[in-house]
Structure formats: structure tokens, C-alpha cells
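Reader: I would like to go through this structure slowly and learn what the words used for it rest on. Could we start with the terms and then apply them?

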Amino acid sequence: MIIATTENITGKEIVAYKGFVKGSTIQAKHIGSDFLAGLKNIVGGEIKEYSDMMDKARKIAISRMVKDAEGMGANAIVAVRLQTSSVMNGAAEIVAYGTAVVVE
């Protein structure tokens, strides 16, 4: 599956548009991570536990978007975007979305 943030893929021709595809996940903070984050808040620096959690969430959302596109018979997704939003205190949703296409 080719994934592009652009509307076209260099060297490929879009021969069919299959439609809108998306994937999402909601990740919640872990109490252990909260404790470590609190310590980082005092001394400063990256909160690696949260960075890792968000990276994992992005991968899950993209994987679900790809599965959606495969179900439509697409071999590429263009105009891909990622969006994050807080759904409740301590939980964030990651959404990956784009347009499923067939390219040659």
C-alpha cells in the first residue's frame, strides 16, 4: 500500500478513486506513565512514555486506515492526514484519513 500526504504520487497515475478511508484509536494514559510524567514535569525533558504511546496510536490508526482501503480494492491512499483530539481527561483519539485510489 502506497501512502502519500500529497494528492498525487510521482511516477504513478491514479486510474480509479475508491473513496474516503479512515482508521482511529483512542489511547488512555497509564497510571505508571503518569507518575513518571509527573517527575519529568519537575525536571523537564521529553516524556518518552507518552511519546511512545502516541507513536503506537498513530501506527494503529494508519494500519486501520490501510485495512479500510484494502477492503475497497485500493493499492494507494493519497491526501493522508492525521488528527489528534482529546476525548476525555487522560485519553486521546488519533484519526488517520485519506482517499483510497488505484494507481498504475
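Author: A strand here is a DSSP run of E with at least two residues, numbered from the N terminus. T25 is placed in such a run, strand β2. Keep in mind that the model is predicted.

Reader: Why is T25 called buried?

Author: Buried means a relative accessible area under 20%. T25 has 8%, so T25 is buried.

Reader: What is T25 in contact with, leaving aside its neighbours within four places in sequence?

Author: T25 touches A57, I60, A61, R64, A92, E93 and I94. To count as a contact, heavy atoms must lie within 4.5 Å.

Reader: What makes the link between the side chains of T25 and Q27 a polar contact?

Author: The cut-off for a pair of N or O atoms is 3.5 Å, and within protein one must be able to donate a hydrogen and the other to accept it. The side chains of T25 and Q27 are joined at 3.2 Å, which is within that cut-off, so the link counts as a polar contact.

Reader: Where is F20, and why does F20 count as exposed?

Author: F20 is also placed in strand β2, which covers residues 14-28. Exposed means over 50% relative accessible area. F20 has 53%, and therefore counts as exposed.

Reader: Which residues does F20 contact, leaving aside its neighbours within four places in sequence?

Author: They are D68, M72, Y97 and G98. As for V78, this residue is 58 residues from F20 in sequence, with 9.9 Å between the C-alpha atoms.

Reader: How many helices and strands does the protein have, and in what order do the elements run?

Author: The protein has 2 helices and 4 strands. Starting at the N terminus, the order is β-β-α-α-β-β.

Reader: What share of the residues counts as buried, and what share of the contacts is between residues 24 or more positions apart?

Author: Of the 104 residues, 31% count as buried. Among contacts with a separation of 6 or more, 74% come from residues 24 or more positions apart. The accessible surface is about 6,600 Å², and carbon and sulfur atoms hold 53% of that surface.

Technical notes. Residues are numbered from 1 along each chain as its sequence is written. This is a predicted model: local features need pLDDT of at least 70, side-chain atom pairs count only at pLDDT 80 or more; totals for chains, interfaces and linings use all residues. Side-chain values use heavy atoms; hydrogens and water are left out. Buried means under 20% relative accessible area, exposed over 50%, partly exposed in between (1.4 Å probe, protein chains only). Accessible areas come from the Shrake-Rupley method with a 1.4 Å probe; for residues, only the protein chains shown count as cover.
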